[in-house]
Amino acid sequence: ESLCAMAVLRLFCLVAALAAVSGDICGVASKQKLWEGECTAAESDELSSGPSCSCKAGKPHGKGTMRDQGISIFHGEYADGERTGLGLMSYKSGLEYKGSYQADQWDGLGSLTTEAGHYHGEYAKGKQNGLGALLNVKSEHYAGQWKDGAKHGLGSMEFERSNKYVGTWAGNKRIGCGAYYQSTAHVLMGDLLGTRRKAGRWVPCVADDDCLFDFWCDCMTDGVKLVLHAETGKVSDEDLKCADKAEEEAVQTQALAMEAAERAKLQAGEVPMPADMDFGTVTDEAVLRQADRVEPEGVNLNILADPSASFYVLAFMMAIQAAFPPKWQTRISAVVLALVVLSILNMWGPHYSLQFLSGGNIKSHEADQVFAKLPAMLRPSAFVRKNQGHDEL
């Protein structure tokens, strides 16, 4: 009876040990990762193609594929356990990097694709540093200098609604000398009046400057404003000259950044691909690591979430207007007109309808508080939360 109990205990321990091990790195059991080396006899600790292939002193060394079970795949080269040279890093979530590595970090030329968009250019110590170009999901394009993953230095960016800024950046904000070209589509008149240029020295807004419509206050909607002379209320000649010089240098930097982006794209095409892109089974450890990143998907009941939906509502109301008595037709026409204005403002961006009706007296944080009290289907589309990626790569 005791022998049977011991046999059962040993079997239980063996099953538990096998369940805990889901991978292998250079012959060392791993709960999460699996190393698949690609080497010749001269490149391995042992003359085999087994778990010691492309290994040195128990660490990956040489070409191969590292699978973080159920999460990511790296295919490229290791040196003493650190990624080096050209490689591909692909996550099951959709993020993908193709480019150079040094000391286990993105370093050199690289191309990054995420839910937020695409970046091609230079890296250093795992972040965008140097020259590069970004195209995000909003079709906004930036080309210029980067520092620690942020737009910093000279660069040019084209925003939504055909707006553009050319000049100096700091920490992802257009701070310093530069010129902002604002399409009049932003001011209700389409392209009939051309483009307005605002040039000078840009600084962050303070709390009292907080405003949604920049033609009612000095602060722009992205939180920066021009420095104006205290007496004249205009930009000084010195700041205008600074802006002109920064704009000229930023255009040259933009061209260099586009060249770096093209080199990164060409290099990305040379990055080797693994034999298969099987991410494997998500282990218990991987589930725990991803638990905090999982967000429940909600149902969006906002009738204006899609700006075109508001026009369908208008068309329906105009179609049934004739069925009402004359005294009601006037009232319906007023409602239709109000919806037309709100629909146009809704397409522009967050809080604009409330800001427009208040004549610019309501601040941004106050608009947030007002909309937070409204039912989801009555909030402006840009205020409704959506499951999207990061704004920046």
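Trainee: How many salt bridges does the count come to by this rule?

Mentor: The count comes to nine salt bridges, where a salt bridge is a side-chain nitrogen of Lys or Arg within 4 Å of a carboxyl oxygen of Asp or Glu. This is a predicted model, in which local features need pLDDT of at least 70 and side-chain atom pairs count only at pLDDT 80 or more, while totals for chains, interfaces and linings use all residues. Residues are numbered from 1 along each chain as its sequence is written, and side-chain values use heavy atoms, with hydrogens and water left out.

Trainee: What makes R67 and E36 a salt bridge?

Mentor: The N to O distance between their side chains is 3.0 Å, and the rule asks for a distance within 4 Å, so the pair qualifies. R67 sits in strand β6 (residues 62-68) and E36 in strand β3 (residues 33-38), 31 residues apart. Strands here are DSSP runs of E with at least two residues, helices are runs of H or I with at least four, and both are numbered from the N terminus.

Trainee: Why is R67 called buried, and why is E36 called partly exposed?

Mentor: Buried means under 20% relative accessible area, exposed means over 50%, and partly exposed is in between (1.4 Å probe, protein chains only). R67 has 5%, so R67 is buried. E36 has 31%, so E36 is partly exposed.

Trainee: What does R67 form with D276?

Mentor: R67 forms a salt bridge with D276, and the closest N and O atoms are 3.1 Å apart. D276 lies in the loop between α2 (237-268) and α3 (284-290) and R67 in strand β6, so the pair ties together parts that are 209 residues apart in sequence. Salt bridges that share partners join E36, R67 and D276 into one network.

Trainee: How do you know that K56 and D80 form a salt bridge?

Mentor: Their closest N and O atoms are 3.9 Å apart, and the limit is 4 Å, so the pair is counted.
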